[in-house]
Amino acid sequence: MFLSTKESLGMETKQTCPECGAVWQEGQTCQDHFHQRLAWEHEKPANWAVHHLMVLCYHLQHPALYSPEGLRGAIRLLDDFVGHGLTPEQMRKRDRAVVDSSQRAWKITARSDSHGVYDRPVDWTMTAANVIEHGIDNYCDSVRTWARSMYQSLESAGILATI
Ligand SMILES: [Zn+2]
């Protein structure tokens with residue numbers, strides 16, 4: 001078997017996600033982790049409580065999945081949930097028109113010629129891989145911590161001020 005220099009020195013060659021920077025342990029990609037989390041939400045229905053945050057956070061750390069407009073709408077949605085502490089239920093009560101437009105915005109997906117990208121580097125302190133590490137029983141706490149960390153990263157980068 002061929003060993004690279006790194007491996008022969010006892011260092012594991014690590015594959016990382018080009019978008020969020022997570023380390024892909026044993027070939028598990030961010031998309032694999034996304035499907036793992038969906039499975040955990042089905043396996044333990046209490047985990048469904050943070051489904052809206054999980055989907056939003058996954059997409060925000062992989063902005064190329066969005067169109068540029070979709071990405072802006074998604075950042076505003078994170079601001080509503082984390083910055084303003086709104087639940088999806090409260091958002092619906094607050095203003096149905098706003099909710100409808102937000103949902104429309106963050107469902108806008110990338111086209112081949114146009115996708116979302118941050119206009120400056122964002123230093124993510126937590127990724128989806130960390131949520132998986134913390135396991136199914138800590139899932140709700142992990143996802144909420146992940147969402148807060150992302151909000152802080154976007155704030156530190158100065159991106160929240162631009163939306
Ligand atoms: Zn990733």
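1. Tyr66 is buried, with a relative accessible area of 1%; buried here means under 20% relative accessible area, exposed over 50%, and partly exposed in between, with a 1.4 Å probe and protein chains only. Tyr66 sits in the loop between helix 3 and helix 4. Its C-alpha atom is separated by 8.5 Å from that of Val117, 51 residues away along the chain.

2. On the basis of the note: the model is predicted, local features need pLDDT of at least 70, side-chain atom pairs count only at pLDDT 80 or more, and totals for chains, interfaces and linings use all residues. Residues are numbered from 1 along each chain as its sequence is written, and side-chain values use heavy atoms, with hydrogens and water left out.

3. The overall make-up of the chain is as follows. The secondary structure comes to 8 helices and 0 strands, where helices (H or I, at least four residues) and strands (E, at least two) are DSSP runs numbered from the N terminus. Of the 163 residues, 42% count as buried. Among contacts between residues at least 6 apart in sequence, 67% join residues at least 24 apart; a contact means heavy atoms within 4.5 Å.

4. The metal site deserves attention. Cys17 (SG), Cys20 (SG), Cys30 (SG) and His62 (NE2) coordinate the zinc ion at 2.0 to 2.3 Å. Donors are N, O and S atoms within 2.8 Å of the metal (3.2 Å for Na, K and Ca), and sites may look incomplete, as water is not among the atoms. Along the chain the donors of the zinc ion follow the spacing C-x2-C-x9-C-x31-H. Cys17 lies in the loop between helix 1 (5–8) and helix 2 (30–43), and His62 in the loop between helix 3 (51–60) and helix 4 (68–83), so the pair ties together parts that are 45 residues apart in sequence.

5. The geometry of the site can be stated in angles. The 4 donor atoms around the zinc ion subtend angles of 102 to 113 degrees, which makes the arrangement tetrahedral. Four donors count as tetrahedral if all angles lie between 85 and 135 degrees; four count as square planar and six as octahedral if opposite donors are over 155 degrees apart and all others between 65 and 115, and anything else is irregular. The ideal angle for four tetrahedral donors is 109.5 degrees.

6. Cys17 and His62 are both buried. Cys20 counts as buried at 8% relative accessibility, and Cys30 counts as buried at 3%. The structure holds 0 disulfides, a disulfide being a pair of cysteine sulfur atoms within 2.5 Å.

7. Helix 2 and helix 3 pack at an angle of about 175 degrees, with their axes 11 Å apart. Helix 2 is therefore roughly antiparallel to helix 3: angles under 35 degrees count as roughly parallel, over 145 as roughly antiparallel, 65 to 115 as roughly perpendicular and the rest as oblique. Axes are lines fitted to C-alpha atoms, for helices over the stretch in contact, and angles run from 0 to 180 degrees between N-to-C directions. From helix 2, Cys30, Gln31, Phe34, Arg37, Leu38 and Glu41 meet His51, Met54, Val55 and Tyr58 of helix 3.

8. Val131 lies in helix 7 (residues 128–133) and is buried, with a relative accessible area of 0%. Beyond its neighbours within four places in sequence, Val131 is in contact with Arg37, Trp40, Met126, Tyr139, Ser142, Val143 and Trp146. Ser142 lies in helix 8 (residues 139–156) and is buried, with a relative accessible area of 5%. With neighbours within four places again set aside, Ser142 is in contact with Met126, Val131 and His134.

9. Glu26 lies in the loop between helix 1 and helix 2 and is exposed, with a relative accessible area of 80%. Glu26 has a positive phi of about 50 degrees although it is not a glycine. Most residues other than glycine have a negative phi. Glu26 and Gln15, 11 residues apart in sequence, are 8.9 Å apart in space, C-alpha to C-alpha.
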